[in-house]
Amino acid sequence: MDIAVDPDEPAPVSEAPGPGAEEFRGAMAALPTSVSIVTTRDAGGVDHGFTAGSVVSASLEPPLVLVCLSRTAECHGAFASSPFFAVSVARYEHAELARRFAAKGTDKFAEGRFRRTESGLLTMEDARLLLECRVVGRHHVGDHDVFIGRVLRTRVGAGEALVFVDRGFTKTAPSTW
Ligand SMILES: Cc1cc2nc3c(=O)[nH]c(=O)nc-3n(C[C@H](O)[C@H](O)[C@H](O)COP(=O)(O)O)c2cc1C
């Protein structure tokens with residue numbers, strides 16, 4: 001069952017107003033995330049990308065991932081009109097690259113080792129993990145859009161994954177599981 005609730009609708013019963021944007025951003029800084037460079041190419045053949053901490057696995061069969069992109073991002077139009085996106089999960093050595101892809105108005109692909117995929121997207125050659133995806137869903141959620149991608153191909157790399165927590169970069173420790 002789909003439940004669609006407009007997040008701006010007043011709640012039917014009284015509830016706490018919830019945190020403001022700054023408080024929420026500060027609170028979410030305590031949530032460690034992976035760091036990915038998510039890329040696509042527009043109809044004119046121009047490459048676009050942004051740094052994302054919101055990539056998660058959404059379904060195993062079929063294999064689906066999701067990523068959330070702000071509708072105010074300059075690259076939003078390209079992602080909203082492209083049938084494909086790629087997720088290059090960053091290694092610890094990619095912190096500088098991740099900063100560049102999070103900065104507006106930079107030539108994001110100027111440095112770094114990129115490789116073009118069969119679906120025509122630029123991806124990181126030495127990513128910790130690469131996911132090539134076909135868009136199967138786009139949903140407005142608050143001020144972001146959630147993009148759902150069917151995973152067409154995966155490539156697992158080596159090295160320590162880049163982690164973002166407390167507004168800074170760190171890396172994964174050796175597994176103890
Ligand atoms: C570690 C990290 C994670 C981020 N995760 C996201 C994300 O999941 N979604 C998003 O819209 N922006 C995210 N951002 C911010 C975007 O990378 C940044 O606003 C980017 O410049 C947007 O693309 P634009 O240059 O095309 O506007 C993140 C930034 C950092 C540093």
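Q: What is the strand order in the open sheet of three strands?
A: In this predicted model, the three strands of that open sheet come in the order 1-11-12, and their pairing is antiparallel.

Q: And which strands stand at the edges there?
A: Strand 1, residues 33–34, and strand 12, residues 168–171, take the edge positions, and because each has a single partner strand, one side of each is left without a neighbour in the sheet.

Q: How many bridges hold strand 1 to strand 11?
A: Strand 1 and strand 11, the latter covering residues 162–165, are paired in the antiparallel sense over two bridges, and T33 has F164 in strand 11 as its bridge partner.

Q: Switching to the sheet of seven strands, what is the order there?
A: That open sheet runs 3-2-6-9-10-5-4, again with antiparallel pairing. Strand 3 and strand 4 are at its edges, and since each has a single partner strand, one side of each is left without a neighbour in the sheet. From one strand to the next, the twist averages 35°.

Q: Which residues of the largest nonpolar core touch the most other members?
A: The core has 28 residues, and V38, V67, A86 and V87 are the ones that touch the most other members. Strand 6, residues 84–89, gives the most to this core, with four residues.

Q: What does V67 touch, leaving out residues up to four places away in sequence?
A: With those sequence neighbours set aside, V67 touches V38, A52, S54, V55, V87 and F147.

Q: Now the ligand, which residues come nearest?
A: There are 17 residues around the ligand, and G53, S54, E74, C75 and A102 come nearest among them. S54 is also one of the residues that V67 touches.

Q: What classes make up that shell, and which strands supply at least two residues each?
A: By class, the shell around the ligand consists of 11 nonpolar, four polar and two charged residues. Strand 3, residues 47–52, and strand 5, residues 64–70, each supply at least two residues to the shell.

Q: One more residue, T123: buried or exposed?
A: T123, which is found in strand 8, residues 122–124, counts as buried because 22 other C-beta atoms lie within 10 Å, and the cut-off for buried is 20 or more.

Q: Which residues does T123 touch?
A: Not counting residues up to four places away in sequence, T123 touches T39, A86, S88, F114, R115, T117 and L130. A86 is also among the core residues that touch the most other members.

Q: And where is H140 relative to T123?
A: H140 and T123 are 17 residues apart in sequence, while in space they are 26 Å apart, C-alpha to C-alpha.

Conventions
Residues are numbered from 1 along each chain as its sequence is written. This is a predicted model: local features need pLDDT of at least 70, side-chain atom pairs count only at pLDDT 80 or more; totals for chains, interfaces and linings use all residues. A residue is near a molecule or strand if its C-beta atom, placed from the backbone, lies within 6 Å of it. Ala, Val, Leu, Ile, Met, Phe, Trp, Tyr, Cys and Pro count as nonpolar, Asp, Glu, Lys and Arg as charged, and the others, Gly among them, as polar. A nonpolar core is a set of buried Ala, Val, Leu, Ile, Met, Phe, Trp, Tyr and Cys residues joined through C-beta atoms within 7 Å. A residue is buried if 20 or more other C-beta atoms lie within 10 Å of its own, exposed if 12 or fewer, and partly exposed in between; C-beta atoms are placed from the backbone. Two residues are in contact if their C-beta atoms, placed from the backbone, lie within 7 Å. Two strands pair if DSSP finds at least two bridges between them. Axes are lines fitted to C-alpha atoms, for helices over the stretch in contact, and angles run from 0 to 180 degrees between N-to-C directions.
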